[in-house]
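Biologist: Could you go through this model with me? I'd like to hear what stands behind the labels.

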Amino acid sequence: MNTIIFLGNSTMKPSFRFLICRRNHAFLGFSSSKCHPDQHGLRDGVFKSGFHFDTRRDFSSNPSRISGFQRVIHNTQKCFCKPNSSFGLWRVVSRPFDNNTINRGIPVVVSAVSKVRDYSTSVETRVNENNFERIYVHNGIGVKQLVVERIDKDENVVGEESRIEVGTGGEKLNGESLEGVKAEIGSLKREETELEKEGWRLLNDAVVRYCGSPVGTMAANDPADKQPLNYDQVFIRDFVPSALAFLLRGEGEIVRNFLLHTLQLQSWEKTVDCYSPGQGLMPASFKVRHVPLDNDKFEEVLDPDFGESAIGRVAPVDSGLWWIILLRAYGKITGDYGLQERVDVQTGIKLILNLCLTDGFDMFPSLLVTDGSCMIDRRMGIHGHPLEIQALFYSALRCSREMLAVNDGSKNLVAAINNRLSALSFHIREYYWVDMKKINEIYRYKTEEYSMDATNKFNIYPEQIPAWLMDWIPEEGGYMIGNLQPANMDFRFFTLGNLWSVVSSLGTPKQNTAILNLIDAKWDELVGHMPLKICYPALEYEEWRIITGSDPKNTPWSYHNGGSWPTLLWQFTLACIKLGRLELAEKAVALAEKRLSADRWPEYYDTRSGRFIGKQSRLFQTWTIAGFLTSRLLLENPEKAALLFWEEDYDLLEICVCALSKSGRKKCSRVAAKSQILV
């Protein structure tokens, strides 16, 4: 078996951009008789970031660290491109629980992604909560007893032990048999509806396999579609709700495979006309292609698209951000933190962050991007600093701060993350937020102000306030505007950016509550007959012609221009669960249930109220299906939602670059940010 060295120097260009399936090689440390990534450009083991892989060692993740179990087991026994018969099996794993949980007699059993192959998972003490668990495995692999102890954060003070003993003689919780408890829980488990069964069948039919292993889901799987364009590809953005549905159901192998394969497809080569993007760019999508060889044989390759084939030829800014967010979700739900601790994964995170945090000409902490770089991938006037990208950027930074191993090589990056998080949260909360009070302030703005203490810092002209806004915004609600640039505020309501501001706590607690209050108050406009409007209001008449370039697909109240997208349902559900507004999520899910199956799971809906199926909408759209299933799973298991959202980080309010600056700045606005939180 050959061993390989990881990826190579970031500046080199491989001779192929494909991930290729071949025989008798090792792929990422998994012994394989079938496949490996093409080794052209995957040697040269020194990175600019200082990582080096020794050719004398198998490439694998950190070994298991289990107290009382000294044998080191490397995750090198499974072919990455080989089907896994253990997909979806059950096992006992560590899971936080409290006294209430123990008193109810709920066993700590979750659906696992695989069998003993996951010894790469680091099972160790993790101090992320007030209470945590430690697993002791006695007497090596041939164990007869697994003891899960709950201990306090202070390791010197051991609290009341709550044990699950798994042995040949049965299972006990606090000395009592679990058989009766399991039977009771099994009887209480809700049976899937016919709609959910249909959704799962369609989602499984959309799974894409590479060398026999699941690696993602195609964007749409309509058997009647004779021109699928790129809808038969696996999109990073589109796969996220599918991944969460699989994870929440206990099927994690497809997500793990997806994360590792897309990591190997990070940008190393040209996109358009010989121009190379920054290193670390994640592809928008990839496709499994079959390349003919001699003797009527074929070879499977993964062919990524970085935007060079897309309409408008725009690189996806959000792909790398979604990848980081999904990586964290995978670890939180499965407990497989070993994946994010792998050196190749850590390097992938750093490459994405370096691309996003690179100093440039911009004066704002928000990311400057062009039109078409996110979910709205056509010209819609969102160039500049669109809210969607800022919310995802903030989430990715918070994820990265959790997952990055802090050492001499990463401490400067972690410091940069903290500084950017602090500046970005203040910038969005202060300048993107509008409610009736803020609109009244803008209405009375003075212009042409020149000073460090100017109130109208971006020279916004009051005449920009649109006529529809004054009568539309409720007294008890507010939202984040879509964009902010010099002399320009985009007052449109963009649903994804606002929902993700709630989920990530980019907004203050008061602002997050106001966003859901606004959606509730304006239900007919933002939800209507099918959740949820991608933006409100639509561009019409001359404004549509100028801003969209007369785009025939983005006509008013269609597609990205005010269309309704059922895939946004899962993010709305997550935001509602976070703020304790389950009734709103259940109401939206009930609306979707009435039509999705009958309409054959379309991509989007048209008209102001979402009555019509989108005029160019693809049917059997995978993220429509996955969005519904994920919403259902979150409503059924709201405690799982806590693994996917973030609470307010008060420490960020104490971090201010101004305190370190000697520029002579007289006034720092951090006091204003604190006052918003503490009210």
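Modeller: Helices here are DSSP runs of H or I with at least four residues, strands are E runs of at least two, and both are numbered from the N terminus. This is a predicted model, where local features need pLDDT of at least 70 and side-chain atom pairs count only at pLDDT 80 or more, while totals for chains, interfaces and linings use all residues. Residues are numbered from 1 along each chain as its sequence is written, and side-chain values use heavy atoms, with hydrogens and water left out.

Biologist: Why is Arg378 called buried?

Modeller: Buried means under 20% relative accessible area, with exposed over 50% and partly exposed in between (1.4 Å probe, protein chains only). Arg378 has 16%, so it counts as buried.

Biologist: What does Arg378 touch, beyond residues up to four places away in sequence?

Modeller: With contact meaning heavy atoms within 4.5 Å, Arg378 touches Ile311, Asp371, Gly372, Asp551, Lys553, Asn554, Tyr559 and His560.

Biologist: And Asp599, buried or exposed?

Modeller: Buried, because its relative accessible area is 14%. Asp599 lies in the loop between helix 18 (582-595) and strand 20 (605-606). Leaving out residues up to four places away in sequence, Asp599 touches Tyr605, Ile613 and Leu619. Asp599 and Phe612 are 13 residues apart in sequence, and their C-alpha atoms are 9.5 Å apart in space.

Biologist: How do you know that strand 18 and strand 19 pair?

Modeller: Two strands pair if DSSP finds at least two bridges between them. Strand 18 (residues 488-494) and strand 19 have 2 bridges, in the antiparallel sense. Phe494 has Cys535 in strand 19 as its bridge partner.

Biologist: Which order do the strands take in that open sheet?

Modeller: The order is 16-17-18-19, 4 strands with antiparallel pairing.

Biologist: What makes strand 14 and strand 15 a pair?

Modeller: Strand 14 and strand 15 (residues 298-305) share 8 antiparallel bridges. They form a hairpin with 5 residues between them, and Asn295 in the turn has a positive phi of about 60°. Pro292 is bridged to Phe298 in strand 15. Strand 14 (residues 285-292) also pairs with strand 13 (residues 234-235), in the antiparallel sense over 2 bridges.

Biologist: How do helix 9 and helix 10 cross?

Modeller: Their axes come within 10 Å and cross at roughly 150°. Axes are lines fitted to C-alpha atoms, for helices over the stretch in contact, and angles run from 0 to 180 degrees between N-to-C directions.

Biologist: What makes Trp323 stand out?

Modeller: Trp323 is among the residues with the most contacts inside the largest nonpolar core, which has 159 residues. Such a core is a set of buried Ala, Val, Leu, Ile, Met, Phe, Trp, Tyr and Cys residues joined through side-chain atoms within 4.5 Å. Setting aside neighbours within four places in sequence, Trp323 is in contact with residues including Ile236, Leu259, Met282 and Val345.
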